[in-house]
Amino acid sequence: MDNTHTEIWENCLKIIKDNISFQKFKTWFEPIRPLKVEDNVLTIQVPSQFFYEWLEEHYITLLKKTIKQELGVNGRLEYSIVMDNSFENADPLTVTAPTGNKPATQNPDISMPIDLNKGNVKEIPNPFIIPGLKKINVQSQLIDSYSFDNFVEGDCNRLARSAGYAVAQNPGKTSFNPLFIYSPTGLGKTHLAHAIGLEAKNNYPEKTVLYVSTEQFIHQFIDAVRNNSHNDFIHFYQMIDLLIIDDIHGLAAKEKTQNVFFHIFNHLHQKGKQLVITSDKPPVELKGVETRLLSRFKWGLAADLQLPDFETRMAIIRKKLYNDGVNMPDDVVEYLAYSISTNIRELEGALVSILAQSTLNKKAITMELARQMIDKFVKNTAKEISIDYIQKVICDYFGLPLESINSKTRKREIVQVRQLAMYFAKKHTKSSLATIGHHCGNKDHATVLHACRTVVNLIETDKQFRTYVEDLEKKLRI
Ligand code: ADP
Ligand code: MG
């Protein structure tokens, strides 16, 4: 009697079910679909390449025996693998692979009765548990203080922040998958990544959220290869509901790890799981990362974190002070926000040193102390004053509101103040002419160049003007 492929597969499943744990059966056999039986060859469809490899590596013996029992000694099995890019196309692409491509790793002998995997139930090892070291919480690796509450919102981060927030409300269900957050260092990628994880965990305590740095991921992978637990490693990552992977640029030139990440990515994405990725560059600019991986990164949303404006820097300092329960005079807060504009981590560093100095030496926090500390800080690190600070000093000096620099007015005094701001920005910052123009009334680089020449001319020809410039120079260097 000719059985249909469904019946044959159902019979196989009955045997398999009796020989492995329920959990394994659910994971590895329930997702399989029988496709056809022809000339004693049963074709089954498996969801991914990885799935096929796993079956071949762990269940080949069991499968072979079962098939032979159902289809006779000449019975064979073929896989139809749903390819990774199937979800880009309307029709699922499949490839067929005959069974037995890979050497069986367990029980190479085919002999009844079957009791292969019973009593051999192995937990998937968790790469976060380092033997002999303390157990790390698998649930998250999240840092509590890096919450949305502590993440100050500003124009510089609005898009990334709201996308992150949306993702945390509905992981895997928004079109922001993956959510790719990029910026230069010190602008809040890691903080935002944790905030998303914490918020998601809060909303969905049953979901497995995992934060991992790319560096950690690479080390775990190397260890897994060394310990021959490569598949366990992949399997562990494929169980995550929200995977946050920080500083993905670290994968550059690490081809093997990229490959494994590619499979994990596809699996999670296909299963509707959420990925959050951070990087120091947008996907298009990532060097040394395979194109197929880069194209994945572009599927969702890429959002950048920009330099925080003055208001946001003030808000960030105030938030930290509030959280630490410390008071600081307003002018010191302002000075700090004016002086350090390119890196929030450095801004925090300067704040911490001022607080430390004041506590250690039992000195009050004064402008004087702040200047000493920031001077050291700025000289040691950024070595430049910001365009914002220059504008503030110049406007204060001439008694004009700060907004005047960015206004459209062509009043002579304002034009001159704007030109001075451009001149000092060119002299004291590393910003490009285009950036300077952008920050000084949205002008182009030619206007900035013209302004610098005008100021130089005026210094040479106008005594009063020269005094202004000299005064300003001193004020900028206090
Ligand atoms: P990155 O990962 O981009 O190098 P981090 O996330 O480590 O940057 O941020 C550096 C520091 O700045 C952290 O201490 C973080 O808490 C703080 N920070 C960054 N952005 C914000 C923000 N919007 N609000 C409050 N703190 C921030
Ligand atoms: Mg970081």
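Guide: In this predicted model, the axes of helix H18 (residues 445-461) and helix H19 (residues 463-477) come within 6 Å and cross at roughly 115°. Helices (H or I, at least four residues) and strands (E, at least two) are DSSP runs numbered from the N terminus. Axes are lines fitted to C-alpha atoms, for helices over the stretch in contact, with angles from 0 to 180 degrees between N-to-C directions. The crossing of H18 and H19 is left-handed (the near helix is turned anticlockwise from the far one by less than a right angle; clockwise is right-handed). H18 brings Val 455, Leu 458, Ile 459, Glu 460 and Thr 461 to the contact (heavy atoms within 4.5 Å). H19 answers with Lys 463, Phe 465, Arg 466 and Val 469. By class, five are nonpolar, one is polar and three are charged (nonpolar: Ala, Val, Leu, Ile, Met, Phe, Trp, Tyr, Cys and Pro; charged: Asp, Glu, Lys and Arg; polar: the others, Gly among them).

Now a second pair. H8 and H9 pack at about 35°, axes 9 Å apart. Their crossing is right-handed. From H8 come His 230, Phe 233, Ile 234, Tyr 237 and Gln 238. From H9 come Val 260, His 263, Ile 264, His 267 and Leu 268. This contact has six nonpolar, four polar and no charged residues.

Stay with H9, residues 255-270. Its 16 residues should span 22 Å at 1.5 Å a residue, and the end C-alpha atoms are 22 Å apart, which agrees (expected span: 1.5 Å times one less than the number of residues). Its buried residues include Phe 261, Phe 262 and Phe 265 (buried: under 20% relative accessible area, 1.4 Å probe, protein chains only). The buried residues of H9 pack against helices H7, H8 and H10, and against strands S7 and S8. Gly 272 follows H9 with a positive phi near 75°.

One side-chain pair remains. His 428 sits in helix H16 (residues 412-428). At 10% relative accessibility, His 428 counts as buried. Its side chain meets that of Glu 473 in a polar contact of 2.6 Å (N or O atoms within 3.5 Å, one able to donate a hydrogen and the other to accept it; sequence neighbours count only if both atoms are side-chain atoms).

Residues are numbered from 1 along each chain as written, with chains lettered from A and ligands numbered from 1 in written order. Local features need pLDDT of at least 70, side-chain atom pairs 80 or more, while totals for chains, interfaces and linings use all residues; side-chain values use heavy atoms, without hydrogens or water.

How values were computed
Buried < 20%, exposed > 50% of the residue type's maximum accessible area, 1.4 Å probe, protein only.
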